[in-house]
Amino acid sequence: GRYRAAPDDWLLSRLAVRLGDEQAYAAVKAQAFEGETERRIEALKILARFGKDDCIAPLSAAVAADGDESLRLAALDALRRYRDPAIADSLLTVYA
């Protein structure tokens, strides 16, 4: 990939991920689960639209984690795109 966006260039990141750039996807995924809250939320928004199955486990973990409610909600929103019944089971465990 030719992805060379600055970490906070979300428009370019979104475009690159949408076009299938694996390097951009890996960068967005890494930012979604580590670092500053604002960056994580922006990355989670991209994963909500373009995330792959490899995001299910870390998204579920982010929902279950203690911490910032806005991060938990962004991760929950990103999980909506998946139809895996195991997600519902893990969410029921978190919110039961």
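A salt bridge here is a side-chain nitrogen of Lys or Arg within 4 Å of a carboxyl oxygen of Asp or Glu. With that in hand, welcome to a short tour of this predicted model.

**A salt bridge between Arg80 and Asp77**

- Arg80 and Asp77 pair through their side chains, with an N to O distance of 2.8 Å.
- That distance falls within the 4 Å limit, so the pair qualifies as a salt bridge.
- Arg80 is exposed, at 60% relative accessibility, whereas Asp77 is partly exposed, with a relative accessible area of 34%.

**A salt bridge between Asp54 and Lys29**

- Asp54 also takes part in a salt bridge, and its partner is Lys29; the closest N and O atoms are 3.0 Å apart.
- Asp54 sits in the loop between helix H3 (37–50) and H4, while Lys29 belongs to helix H2 (residues 22–33), so this pair ties together parts that are 25 residues apart in sequence.
- Both ends are partly exposed: Asp54 has a relative accessible area of 37%, and Lys29 has one of 23%.

- Helix H3 holds both residues, and they are 3 residues apart, about one turn of the helix.
- Glu42 is partly exposed, with a relative accessible area of 26%, and Lys45 is partly exposed too, at 43% relative accessibility.

**A nonpolar patch on the surface**

- Leu12, Leu15 and Leu19 make up a nonpolar patch on the surface, and together they have about 300 Å² of accessible area.
- Leu19, one of the patch residues, is found in the loop between helix H1 (10–18) and H2.
- The relative accessible area of Leu19 is 68%, so this leucine counts as exposed, the cut-off being over 50%.

- Ser60 is part of helix H4, which covers residues 56–64.
- Its relative accessible area is 15%, so Ser60 counts as buried, a class that means under 20%.
- Setting aside neighbours within four places in sequence, Ser60 is in contact with Leu79 and Ser90.

Technical notes:
Residues are numbered from 1 along each chain as its sequence is written. This is a predicted model: local features need pLDDT of at least 70, side-chain atom pairs count only at pLDDT 80 or more; totals for chains, interfaces and linings use all residues. Side-chain values use heavy atoms; hydrogens and water are left out. Helices (H or I, at least four residues) and strands (E, at least two) are DSSP runs, numbered from the N terminus. Buried means under 20% relative accessible area, exposed over 50%, partly exposed in between (1.4 Å probe, protein chains only). Contact means heavy atoms within 4.5 Å. Patches are made of residues with over 30% relative accessible area and no salt bridge: like charges are joined within 9 Å, nonpolar side chains (Val, Leu, Ile, Met, Phe, Trp, Tyr) within 5 Å. Accessible areas come from the Shrake-Rupley method with a 1.4 Å probe; for residues, only the protein chains shown count as cover.
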